[in-house]
Amino acid sequence: MFGRFCVLTRQLSTRRATQSGFVGRGLEEFFENSQRLPATRDQTGRAWSASELRQKSWEDLQKLWYVVLKERNVLASQAEETRRLSIPGKFFSNKSRVIKCKKSMARIKTVLNERRLAWEEAQKATPPQ
């Protein structure tokens, strides 16, 4: 299904070709397991709490942001497929997963803003040299 699109979009992947293990997947990254819609409803975890995120490093928060963003894009692709195929929402809905992604992203932004404010306060407290 994705063969011709993979060839056209191989250069559009956000991953670097120089990384070891790089496999350009193109549009397949917007679908779970290369399926337009999942066949089964898998159990999902919970949203990240702010207290958990406060313990993460800057790099970990940045990586987590892009993981959650990718998940949100996958869910948006699935929602578009259900709309395109005229599947009623009661048969296929990922609203709870979308909400978890939005909550996690909002909490990541909150933690980063807290760190920024703390850094600004520290800059004000230290005398200029």
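Colleague: Why is the contact between arginine 46 and glutamate 52 called a salt bridge?

Modeller: In this predicted model, the side chains of arginine 46 and glutamate 52 meet at 2.6 Å, N to O. The cut-off is within 4 Å for an Arg nitrogen and a Glu carboxyl oxygen, so the pair qualifies.

Colleague: OK, over to helix H3. How do you know that arginine 83 and glutamate 80 are separated by about one helical turn?

Modeller: They sit three residues apart in helix H3, which covers residues 58-84, so that's about one turn.

Colleague: Which exposure labels do arginine 83 and glutamate 80 get?

Modeller: Arginine 83 has 55% relative accessible area, so it's exposed, while glutamate 80, at 37%, counts as partly exposed.

Colleague: What makes glutamate 120 and arginine 116 a salt bridge?

Modeller: Their N to O distance is 2.8 Å, and the limit is within 4 Å, so they pass. Both lie in helix H4 (residues 95-125), four residues apart, about one turn of the helix.

Colleague: Why is arginine 116 called partly exposed?

Modeller: Arginine 116 has a relative accessible area of 40%, and exposed starts over 50%, buried under 20%, so it falls in between. Glutamate 120 gets the label partly exposed at 31%.

Colleague: How many salt bridges does a search of the whole structure find?

Modeller: Six.

Terms used: Residues numbered from 1 in each chain as written. Predicted model: local features only at pLDDT ≥ 70, side-chain atom pairs only at ≥ 80, totals over all residues. Heavy atoms only, no water. Helix = DSSP H or I, 4+ residues; strand = E, 2+ residues; numbered from the N terminus. Buried < 20%, exposed > 50% of the residue type's maximum accessible area, 1.4 Å probe, protein only.
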